[in-house]
Amino acid sequence: MSASQNTPAAAVPGDDTPTLLVKIFGKDRPGITAGLFDTLAAFAVDVVDIEQVVTRGRIVLCALVTAPAPGGAAEGELRTTIHGWAESMKLQAEIISGRGDNRPRGTGRSHVTVLGRPLTAESTAAIAARITGAGGNIDRIFRLAKYPVTAVEFDVSGAATGPLRTALATEAAARGVDVAVVSSGLQRRAQRLVVMDVDSTLIQDEVIELFAEHAGAGAEVAEVTAAAMRGELDFEQSLHARVKLLAGLDASVVDKVRAEVRLTPGARTLIRTLKKLGYQVGVVSGGFTQVTDDLKERLGLDFASANTLEVVDGKLTGRVIGEVVDRAGKARLLRRFAAEAGVPLAQTVAIGDGANDLDMLNAAGLGVAFNAKPVVREAAHTAVNVPFLDTVLYLLGITREEVEAAETHAD
């Protein structure tokens, strides 16, 4: 039989129910929380709310409880007893009388994640002021990480996610911090799909430039690549022009390029942590399957798609095979991967740096511009401007401690 059939529902304090806010603060040590509630138990009060935070070894413990019932122990006796217990523990206590529970949170709830290296008091004040200016109230603040960046999360109510994101993006750019705003709700804890660009995102290199160096055309290809990533050239045309310069290279160059590829700092940690948490992870690239297939195997990715260099008689022909993976193609692949993974598009996260990633970033539930070109930073949902790919985990509400636990138990 269910508990609801046997246990009466707990009484919910009304607005006029007398309540007491008990605040305990001082040096943290084991047993404080248990000791406080053991002391309160003698007065037969009900617990309405609890919140506790420990910062640099100092505890602040708040308990909202119903006031002692009339005819029982007096409120004065409770106050005296709590103060006496706190003194015996070398703690301080404050007890405030009032009525009812906390005031209801406003509609429109969001998680605001702020990344700084460092996170200054000035930038924190500016972000908090912007939240207030957008009609939001900060209900809770929690540190997600202290390195390699400082990451804190604000739980905000009273402001719609879209306008709040717009307001904070402007402030973040002015203050040199990264800010992500996502809607609160169960969907944040649901299984997700994360899809990344490869060149200059998952890896530090532009793969076509690595091939071009072996063809003696490095400078020419790099110039065209930079213009394409800035959105100044059509990607497909620029791809064909660059690949044409590789004609005649021996196919053995593929192994050399694979060995030259450098993962972005934090890439392995990002993927390993996501996989431990049950996420599915994929890559889409305007580069080449000759490299992405190898990355898929090495990193245990679920999905990978890219262009394919044509090889005839052991030589690169200077052409690609099949449909080109361009800006629109990346968005189509994101949708295809989401359908195959059984994940709603709203539960997808896309990460990229170039103009050809924009459609994918905008189609995803959360689009992250990673050390991106200005045109991409301005259009994406949020931007990360530190050189560590695993900082994206903090935008998903994953703490550094959880990351380290996943690393410790890595297979």
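Modeller: Axes are lines fitted to C-alpha atoms, for helices over the stretch in contact, and angles run from 0 to 180 degrees between N-to-C directions. Helices (H or I, at least four residues) and strands (E, at least two) are DSSP runs, numbered from the N terminus. The model is predicted: local features need pLDDT of at least 70, side-chain atom pairs need 80 or more, and totals for chains, interfaces and linings use all residues. Residues are numbered from 1 along each chain as its sequence is written, and side-chain values use heavy atoms, without hydrogens or water.

Start with helix H4 (residues 121–133) and helix H5 (residues 161–175). Their axes lie 10 Å apart, at an angle of about 160°. So H4 is roughly antiparallel to H5 (over 145 degrees; under 35 is roughly parallel, 65 to 115 roughly perpendicular, the rest oblique). The crossing is right-handed (the near helix is turned clockwise from the far one by less than a right angle; anticlockwise is left-handed).

Which residues of H4 and H5 meet? On H4 they are Glu122, Ser123, Ala126, Ile127, Arg130 and Ile131. On H5 they are Leu164, Ala167, Leu168, Thr170, Glu171, Ala172 and Arg175. Contact means heavy atoms within 4.5 Å. By class, seven of these residues are nonpolar, two polar and four charged (Ala, Val, Leu, Ile, Met, Phe, Trp, Tyr, Cys and Pro are nonpolar; Asp, Glu, Lys and Arg charged; the others, Gly among them, polar).

Now another helix pair. The axes of H10 (residues 267–276) and H16 (residues 400–408) come within 9 Å and cross at roughly 90°. So H10 is roughly perpendicular to H16. Here Thr269, Arg272, Thr273 and Lys276 of H10 meet Val403, Ala406 and Glu407 of H16. This contact has two nonpolar, two polar and three charged residues.

Next, a sheet. Four strands form an open sheet, in the order E6-E7-E5-E8, with antiparallel pairing (strands pair if DSSP finds at least two bridges between them). E6 (137–145) and E8 (178–183) stand at the edges with a single partner each, so one side of each has no neighbour in the sheet. The average twist is 20° from one strand to the next. E5 (residues 109–116) and E8 run antiparallel, joined by six bridges. Ser110 stands opposite Ser183 in E8.

Last, the rings. The structure holds two aromatic pairs (Phe, Tyr and Trp rings, for Trp the six-membered one, with centres within 6.5 Å; planes under 30 degrees apart are stacked, over 60 edge-to-face, the rest tilted). Phe211 and Phe288 have ring centres 5.9 Å apart and planes at 85°, so they are edge-to-face. Phe211 is in helix H6 (residues 207–214) and Phe288 in strand E10 (residues 280–288), 77 residues apart.
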